[in-house]
Amino acid sequence: MPAKTASSSVVQVNSNYLKLKAGYLFPEIARRIKSFSEANPDAALIRLGIGDVTEPLPLACRNAMKVAIDEMGTNTGFHGYGPEQGYDWLREAIAKHDFQTKGCQINAEEIFVSDGSKCDSSNILDILGSSNRIAVTDPVYPVYVDSNVMTGRTGDANQSGRYAGLSYLPINAENGFAAKIPSEPVDLIYLCFPNNPTGAVATRAQLQEWVNYARTNSVLILFDAAYEAFIQNPDLPHSIYEIEGARECAIEFRSFSKNAGFTGTRCAFTVVPKGLKGKSDDGSDVELWNLWNRRQSTKFNGVSYIIQRGAEAVYSAQGQGEINALVSFYMRNAAIIRRELTSAGIEVHGGEHAPYVWLKTPDDMDSWGFFDHLLHNAHVVGTPGSGFGAAGEGYFRLSAFNSRVNVDEAMRRIRAL
Ligand code: MLT
């Protein structure tokens with residue numbers, strides 16, 4: 001064993017981290033922007049890269065937070081540690097408005113309030129065994145893959161960045177961005193609808209097929225519905241629990257980040273239905289709800305009272321009006337991006353039920369090549385499709401989260417290229 005010195009440690013690191021690509025996608029983009037901006041300080045960049053909201057927080061939420069801050073300044077209204085699962089009044093509002101009124105049998109107790117879907121969709125691996133066989137779409141939200149790598153659930157990456165041990169289900173223009181049911185056996189599958197990054201949506205029939213497959217093959221679906229508010233067609237499902245049988249095979253992740261502008265404020269929730277089971281090493285059934293409840297109680301102290309009051313106001317009449325207006329605003333941006341790119345002769349997908357437009361890079365440019373081209377020549381930032389997986393190569397994502405002025409200007413610049 002090497003001798004310890006004052007300046008070196010021999011603590012072992014989690015070597016799984018060494019399998020990761022050098023940088024997480026968005027910090028890598030930020031790094032490239034920084035070096036471009038340092039060299040070109042006068043360039044007025046327009047950022048349509050990371051899906052971060054730009055419009056002010058709804059007034060209903062701000063007012064509720066102000067009231068909560070004043071309560072915190074009194075002896076009777078002060079709140080210390082809250083319940084790790086979230087306050088009952090918020091869990092009840094969520095269960096009622098997001099599920100029960102939409103015909104889904106989800107109870108308040110099955111809602112776990114948290115500080116983000118990114119965290120929850122990674123943390124969920126804490127309660128799942130490491131020998132599960134995992135399927136992801138390609139392209140995919142990188143967090144699902146990286147969190148599996150970090151926790152030792154994969155082998156090394158190959159040259160195209162695909163990790164050994166994961167099943168990749170390609171989604172592309174040819175299959176209408178709808179993954180095929182895996183042909184090899186898997187235990188766990190991540191689905192995201194409306195999809196990040198492609199903007200694709202799933203019909204009720206398509207989701208029913210996934211649920212039937214999951215139930216027949218004892219597969220757990222991790223369903224990311226962070227963008228459900230952007231669905232425009234009333235026939236499309238917002239939650240997997242609108243599908244018969246989903247309570248027995250799916251966990252759902254939801255967020256206030258994109259509909260109510262909480263990306264910086266932080267509030268989300270995860271739904272773990274009672275009765276949803278996994279297997280222990282001895283083959284007996286275990287309730288996932290119990291494990292997630294146990295995990296959250298130990299590792300999480302809940303979201304701040306003030307923020308949860310803000311989230312609760314999303315469900316007031318005023319809050320609903322304001323979030324509908326926000327969603328419409330961003331969807332109008334998406335429509336402008338689609339229209340302008342289409343008339344520039346670029347093939348576009350998504351952007352109709354999601355705040356992301358997924359485009360085919362022109363002139364067969366590769367994704368990072370197009371990123372650099374836009375950054376240097378139009379001063380517009382997007383996200384290279386290859387950053388979401390090998391099958392995203394040759395694609396590019398533009399986010400509709402920005403001001404109208406910036407979206408119009410970005411489109412003018414791209415069209416002028
Ligand atoms: C994205 O740009 O893909 C989003 O910001 C992801 C996220 O919400 O973490």
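User: What makes a residue count as exposed or buried here?

Analyst: Exposed means over 50% relative accessible area, and buried means under 20%. The model is a predicted one.

User: Why is Val13 called exposed?

Analyst: Val13 has a relative accessible area of 57%. The cut-off is over 50%. Val13 is therefore exposed. Val13 is found in the segment before α1 (25-39).

User: What makes the nonpolar surface patch that includes Val13?

Analyst: Val13, Tyr17 and Leu18 make this patch, of about 350 Å². A patch residue needs over 30% relative accessible area. Val13, at 57%, therefore passes that cut-off.

User: Which residues have the most contacts inside the largest nonpolar core?

Analyst: Ile221, Phe256 and Leu341 do, in a core of 95 residues. Helix α9 (residues 317-343) gives the most to this core, with nine residues. The core draws at least three residues from each of domain 1 (17-56 + 318-416) and domain 2 (60-316).

User: Which residues is Phe256 in contact with, leaving aside its neighbours within four places in sequence?

Analyst: Phe256 is in contact with Ile94, Gly261, Phe262, Cys267, Ala268, Phe269, Ala311, Val314 and Tyr315. Contact means heavy atoms within 4.5 Å.

User: Which residues of helix α8 (residues 305-312) are buried?

Analyst: Tyr305, Ile307, Gln308, Gly310 and Ala311 are buried in α8. The buried residues of α8 pack against α2 (59-72), α3 (88-99) and β2 (111-114).

Definitions and conventions. Residues are numbered from 1 along each chain as its sequence is written. This is a predicted model: local features need pLDDT of at least 70, side-chain atom pairs count only at pLDDT 80 or more; totals for chains, interfaces and linings use all residues. Side-chain values use heavy atoms; hydrogens and water are left out. Patches are made of residues with over 30% relative accessible area and no salt bridge: like charges are joined within 9 Å, nonpolar side chains (Val, Leu, Ile, Met, Phe, Trp, Tyr) within 5 Å. Accessible areas come from the Shrake-Rupley method with a 1.4 Å probe; for residues, only the protein chains shown count as cover. A salt bridge is a side-chain nitrogen of Lys or Arg within 4 Å of a carboxyl oxygen of Asp or Glu. Helices (H or I, at least four residues) and strands (E, at least two) are DSSP runs, numbered from the N terminus. Buried means under 20% relative accessible area, exposed over 50%, partly exposed in between (1.4 Å probe, protein chains only). A nonpolar core is a set of buried Ala, Val, Leu, Ile, Met, Phe, Trp, Tyr and Cys residues joined through side-chain atoms within 4.5 Å. Domain bounds come from an automatic or database domain assignment.
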